[in-house]
Amino acid sequence: MSRVFGYVKAFSKGLVLSLPVYIALVDNIGNVATVHGASMKPCFNPDHRSLDVVMLSKIAIRNFQGINRGDVVSIVDPHDPNIVLIKRIIGLQGDTIKTLGYKNKYVKIPKGHCWVEGDNNAHSMDSNTFGPVAVGLIQAKATYILWPIHRWGKIHSMIPDSREPLTSEECEQMNKQKTDKTAIIEDSEEERISKDVNGLKFADYESMNDCSLIPGKFGPVS
């Protein structure tokens, strides 16, 4: 009996000692998460009978220097900081995007923001719903599909041709039309910063070095 108690005590001690290491790894390196929903089909969950498990890397976007168009990232929902979404970056600051049902047909992405979409646009809650997203809300980059085993592989950065940002020539042509429906609108920076999310403003999110401080579910949902 004493031997069993010794094993339990040793196991408990090891668990307690390893917990800070695990937390440090999750906060600074990354973690594994399950993707729920259909908004990223066919990239994720092409077969409704199983859910994809992905590797989320925080090292890949440390200090937000490794964020590129086409990357798949986990982000805090701008409307609910308790929800984590997984989307693809379509545009970065300065890019002009032709939106899909947003309040403005064309949007120039303001400084410190990006435009994210689900690959399955018809079933996605993304920037076409809530507009440009502060890069400070990005938590990690999805780098590998780990499960199911037959889908194991690297997640590639890409943008469908139809969703590429407008070229400078296309922007000039749109601006010449000077109509409300086609005018390129840049979301008001003051209006965007004034919006609060769970007591933290977008400006506060942008200044964070570690977005893991933002409360969220363990597994991103799409």
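The exercises below concern a predicted model.

Residues are numbered from 1 along each chain as its sequence is written. In this predicted model, local features need pLDDT of at least 70, side-chain atom pairs count only at pLDDT 80 or more, and totals for chains, interfaces and linings use all residues, while side-chain values use heavy atoms, without hydrogens and water.

**Exercise 1.** Find where the residues listed by UniProt for "active site" lie, and state whether they are buried or exposed.

Solution. 
1. The unreviewed UniProt entry lists S39 and K87 for "active site"; such annotations may be inferred rather than shown by experiment. They are spread over 49 residues of sequence, yet cluster in space, with a largest C-alpha distance of 8.2 Å.
2. S39 sits in the loop between β1 (30-34) and β2 (53-57), where strands are DSSP runs of E with at least two residues, numbered from the N terminus. K87 belongs to strand β4 (residues 80-92).
3. Buried means under 20% relative accessible area, exposed over 50%, and partly exposed in between (1.4 Å probe, protein chains only).
4. S39 is buried because its relative accessible area is 0%. K87 also has 0% relative accessibility, so K87 counts as buried.

Technical notes
Helix = DSSP H or I, 4+ residues; strand = E, 2+ residues; numbered from the N terminus.
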